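Welcome, and please open the structure in your viewer.

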Amino acid sequence: MERCSLCLVIMVLVMLVQSSYATPSKEIYQLIERHAAINGLRLTHDQTEEIEIKTLTDLREVEVVLSTIADYFQKKLPHLQGSENVSTLASCMQGYIALAQSSPKGLIRSLDAFGKPGAGLLDGNFAAHGSFDECMDIESVQYCLLTLTFLITIPGIPDPIPLPITEAVCIPQSCTTDDMNWVLAEIQTLLFLANIITYPTPPVCTTERKLPLTTGAIMVIALCSFFLCLIAVSTLYDCLLLFKAYLTTHHVEGTALKEEKTPLLPLSVNSDPSASSKASSMLGRLPRFLENTLRSFSLYKTLPAILSTKQPPSAITCINGLRVISMFWVILGHTNLFFETSYTNSLSLLDKTIPSFAYQAVVNAFFSVDSFFFLSGLLTAYLTLREMSRSNGRFPYLPFYIHRYLRLTPTLAFLIFFSMYMTLHLSDGPNYQASFNNYSLSYNTCKSYWWTNLLYINNFHPSSLGDECVGWTWYLANDMQFYVVSPLMIILLYHSFPLGLLSVGVFLVSCLAATGAIVGHYGYSASIMELGQTTDAIYTKPYCRIFPYLVGLVLGYVIYKKIAFRFSKVLNVLLYLILWALAAISCMSVVYGLYGTWHGHNLSTAESVTYFMFSRLTWGIGLALIVFSCHNGYGWVVNSFLSMGFWVPLSRLTFCTYLVHPIVITVIQASLRQGFPFTAINIAVYTVASVLFSYGVAGVLAVCVEFPLGYVEMATFELFGMEVRSRPKVKPPQETK
């Protein structure tokens, strides 16, 4: 019954909109006949129905049709008589008349560009996008999307699902948003009389295929050009130094070259300790600082640092694979989510695909973010404890916080700046301007709240995730907040493991209690379809997300102290097999634990509270068991796979990839001219495309911004005589004889 109602919604929407601007209804035919009689024309009913065809040759009859439609609108709006809206509607009709007089072909093409309902309405093909390119090729017209949202109930899902129904119209630019709102209101009224409730969305119109560059966009282009110039100059300077070093360290003897004893160029700003010792004052270190700053942008320096697969012996090698696979998982989940408005079989997707067992790995992709929290806690504890060990237990408070802030913030600030001003100019499409003018990608949102991102409080202010600037950076805010409080546990762990473990336990119990109290108080359900209600209260809040981070801190201490099973080989194998079984059970239970909610099992309040409290903790424990086993030599083929060298460069791009991938996916999705059916092959193609483009863009961002500014930061620390853990040194390629 609901699907029949849905079809009625779509048909009424299409018929009313197209009859209003293109094909006259029976009532309009009668008005045309009366209007023609007044103007001395005698038309039979059959002749009246042929007016649309005759518009190709008879502009007067086009004027009759369009002026009658305007008259029709006025007769349908008695409550607006004397108001500005009537003249606005008349202006819209005058735009049609002007288009018909100036370009009859353009008028017909504009009508042809209207969206028309396609096959598969009962499967959810609700978007009639028409022909965006045909419409935008016509002068003085605009492409508008009119959307009504219809609520439908799916078996097994307790709450109605909002489904948008979109109709594209190609109309003169003289038609205003008020005209479109009136059309939507008229449709909504007709549907209400049929006992169908819909909710209109403000229409979105595209008047220009390419928007003119704003001052902000020009500034972004200028900044990017500045970075490119720096890279060119820096690389050229490095090449000159390389050539100079070649001339001074080699001499030609016949056709043979003397073997090189040392690398041609030091690549690390800290690679010449003697220089720092000779220059004890800041003024003495200034020339070295300037040189290192200039060379920070050199491709000879940044590219080897990114592409090298070498790792120090103390590295936890398996985390590279975990990090990259988690990033793939994030992109998979976001690709499925961002493309949901493009699917032409969305009802079939809700009915069959999403409730399937295999698809649970996609709908639960948000646990990939918990993997990042776990890895962040692990590396923070492990590396900091090693630093403290080298400095006799002294904790480097100032470098600890300053380095972290400077490590992340410049690249984040660049992304916000780029997102505010340049994303609208990257492509075009039916949904393009709408996608980048809404919510966290919009200029207005970032204009109001960009500063909260740079202070890493955007998960608290603004209060709604949808109002955040580049909203996916809520993760960075949480991670920074975890990092700020981590010394309270790391220092205690270093000096006293029982006290450190107690401090971790206090954080754990407090946050578990807070999560349980919030879920119980508001009555949230852990059902996947209702998790959206928890976004602002639970999903983005640090006291509800810290659990994997705490697990990572403890594992970092365990690996730092080299704690492992030290029994006989047979017993060790048995124990690690048990750990692997526990890891599999932990991770699988979290990802597939809500499968029953799709098939009639309604969670009780106690079950929902338990899931929210322990699901992320369980996920973190599962990952900890995997890393612990792999690092101690009992990961077997899994460790070999996760520790392969090709993961290392991709792992270094994770931060930039996380920053840019929602923009990349949105550009791809919003540029689509038509929807497509959801199939495994289709979504796999778009996911692979999103991964490749995201990592490609991330590589450019890392080479141009992240890594160079990271080297500038290290040079600045050296200038002020401060020590900071630097990037791994990468030797340049050695020459062969």
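Colour the protein chain by secondary structure: there are 31 helices and six strands, where helices (H or I, at least four residues) and strands (E, at least two) are DSSP runs numbered from the N terminus. This is a predicted model, in which local features need pLDDT of at least 70, side-chain atom pairs count only at pLDDT 80 or more, and totals for chains, interfaces and linings use all residues. Residues are numbered from 1 along each chain as its sequence is written, and side-chain values use heavy atoms, leaving out hydrogens and water.

Of the 737 residues in the protein chain, 52% are buried, that is, under 20% relative accessible area with a 1.4 Å probe, protein chains only.

Next, select helix α10, residues 215-249. At 1.5 Å a residue, its 35 residues should span 51 Å, and the end C-alpha atoms agree at 50 Å apart; the expected span is 1.5 Å times one less than the number of residues. Buried residues of α10 include G216, F227, D238 and A245. Show α12 (282-295), α13 (299-307), α18 (397-421) and α31 (680-719), which are among what covers them.

Now select α17 (residues 367-390) and α27 (residues 605-631), whose axes come within 10 Å and cross at roughly 55°. Axes here are lines fitted to C-alpha atoms over the stretch in contact, with angles from 0 to 180 degrees between N-to-C directions. In α17, F367, D370, S371, F374 and L378 meet residues of α27 including Y611, R616 and W619, contact meaning heavy atoms within 4.5 Å.

Key:
Buried means under 20% relative accessible area, exposed over 50%, partly exposed in between (1.4 Å probe, protein chains only).
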